[in-house]
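Subject: Structure handover

Hello,

Here is the structure I promised to pass on. My notes follow below it.

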Amino acid sequence: MAHLLGADGIALTIGTRTLLSDVSLGLDDGDRVGVVGPNGAGKSTLLRILAGTSRPDAGRVTRVGGSTLGMLDQRDELAEDATILDIVHGDAETHVWASDAKVREVHDGLLADLAWDAPVVKLSGGQRRRVALAALLVQDPDLLLLDEPTNHLDVEGVAWLAAHLRERYGRPGTTGALAVVTHDRWFLDEVCSRMWEVRGDDTGAVDGYEGGYAAYILARAERARQAATAAEKRDNLLRKELAWLRRGAPARTSKPKFRLDAASALIDDEPPPRDSMELTRMATRRLGKDVLDLESVTVTVPGKVLFDDVTWRLGPGDRYGVVGVNGAGKTTLLALLAGRREPDSGRVKRGKTIHVRELSQDVAELDELGDLKAVEVIEQEKGRVVVDGKELTASQLTEKLGFTRERAYTPVRDLSGGERRRLQLLRLLVAEPNVLLLDEPTNDLDTDTLAAVEDLLDGWLGTLIVVSHDRYLLERVADRQVALLGDGTIRDLPGGVEEYLRLRAAAKAAGASASGTPAGGSGAGGTATGAAPTSGADSGGEAVTQRDIRAAKKEVSRIERRLAKIAQKEAELHETIAQQATDYQAVARLDAELRDLASERDELEAAWLEAAEVAG
């Protein structure tokens, strides 16, 4: 395996703080590395050093000659007077890039709903992000460094990007490597084969782990258990997340990424993340039977109907995740529920005892509290609060959400973006609302803080509505998902986010068939009906012959035999992992085999569906 990039003895100190100390690591062909760590630990700095845009105090970075490198920074610094075409393709001749299938795939995945001649100055933050990402991906660099690439992307865009990167940098026979900084845990587990954890402590160390996010959590918990150095609260938090990963979120049950049988010793006695029946019973006491009802609600904006005669009822203890295409009305839905907006027709019926609080995407609301310290902000709301049956003080609460004692007594104006986001959420929770509306709550939070937030929400009594593109969070804290598909309805998703993606793909395929163009893209248009395009004789193609049917039946039998063998092999691998739980190299190797089997199974299941449709 070819070595593409290496860092040897990297060290960097900013002011009195050591970010990196004697760090040595590398990227080889086929590596897909996820970079995690606390906010401010130095993840972005590490990426810039590897890219050569920042210089370390000591050490060196080497790159194989002739290799190309591309980096996506958190800041999308695009020329305001340029068009999308200028940014993505520059002076390249149209026939050069228009004939490249890989380039067309990037166009379909990121730019399908944008006009090539649109000036950058008129683009939204999410559109600018997609343009910057497309400009990088069409270059097809050997080494790709991405800093928070999923920011501003919707669920559909994140899923497309994960599939594209896995195909480009993970398929056998391809060359190149990828390193990505992101807090999106689903994305990390879907794309990455290795993890780097930037500790962010006085050691300035970067630890390496084999496998994706789930494997990283397992190895990290096991290291902490064996060394007996982790604090009790950290162990408990990791065990809870491991229990969740092993049980599997609803949308993942059809194709689990990593069975955590090896963690049984840690999590056998760990209760479910939350007791939904008990929480509903307690919420009913606090809220009564009536909470929030949308009754025959219609909302229009210039040129578009967001909600068309919609009825949606929220009961005590309901926990909904909301996904949808950009511009479909997710933020408007929260405004209706919060009472900030009235419908054009219909009504929003509110229970007499409800107390609604809302987490917006804007942390500027904390600016007026600039002179107050973080812990004082919480004390203003409430001095003490009960979480999971335990009474916690304001300082204990801030510590639970990752504030050190020093940072808890830091003025709000001096807090980082991630710290302000945590404080904003904590401020809402201690006010003890019984209806909580969260709009993209994962913005600016690292993975450990996200786990702590989910831990707090597990024991929270009330009705919860979460709008987010973070699939992991949606599956973790919500019991049900609904979708806004741009057709004026609120659609229930029994199959979770996976069902939403299928609906969107079917809508695009139907729209493309109607217009006579190839399916694809991630544009905002289209109405999802759930109906897939027909095939064979029904669609005007050639009729299916008896010979085709016999061949299809044989293919179905062959696939079923192979699937049975895969299931048997997976069971054997899971048993071996449980027996070798402390051998990290063995676990990583076995996990890689499991991933290969899972990939083969997914392909076989898709082929089985096609063959079964012909076989009847």
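In which sense do strand β10 and β13 pair, and over how many bridges? The sense is antiparallel, and the bridges number 5. Strand β10 covers residues 292–301.

β10 belongs to an open sheet of 3 strands, in the order β11-β10-β13. Pairing in this sheet is antiparallel. Its edge strands are β11 (304–314) and β13 (345–350), and each of them pairs on one side only. From one strand to the next, the twist averages 20°. Helix α12, residues 330–338, lies across β10, β11 and β13. Relative to β11, helix α12 runs at about 50°.

The sheet around β1

Another open sheet of 3 strands has the order β2-β1-β4, with antiparallel pairing. Here the edges are β2 (17–28) and β4 (58–63), each pairing on one side only. The twist in this sheet averages 10° from one strand to the next. Strand β1 (residues 3–14) runs antiparallel to β4, and 5 bridges join them. A7 has V61 of β4 as its bridge partner.

A helix pair

Two packed helices are described by the angle between their axes and the distance between the axes. For helix α13 (residues 374–381) and helix α16 (residues 417–430), the axes come within 9 Å and cross at roughly 20°. Angles under 35 degrees count as roughly parallel, so α13 is roughly parallel to α16. The crossing is right-handed. On the α13 side, the contact is made by A374, V377, I378 and E381. On the α16 side, L423, L426, R427 and V430 take part. By type, the contact residues are 6 nonpolar and 2 charged, with no polar ones.

Confidence

The protein chain averages a pLDDT of 79, and 80% of the residues score at least 70. Two stretches call for care. Residues 278–285 stay under 50 in pLDDT, and the model gives them 14 contacts beyond four places in sequence. Residues 517–542 are also below 50, with 48 contacts in the model beyond near neighbours in sequence. Where pLDDT is low, the predicted coordinates should not be read in detail.

Best wishes

Terms used
Residues numbered from 1 in each chain as written. Predicted model: local features only at pLDDT ≥ 70, side-chain atom pairs only at ≥ 80, totals over all residues. Heavy atoms only, no water. Axes fitted to C-alpha atoms, helices over the stretch in contact; angles between N-to-C directions. Helix = DSSP H or I, 4+ residues; strand = E, 2+ residues; numbered from the N terminus. Parallel < 35°, antiparallel > 145°, perpendicular 65-115°, else oblique. Left-handed = near helix turned anticlockwise from the far one by under 90°. Contact = heavy atoms within 4.5 Å. Nonpolar A, V, L, I, M, F, W, Y, C, P; charged D, E, K, R; others polar. Pairing = 2+ DSSP bridges. pLDDT = per-residue confidence, 0-100.
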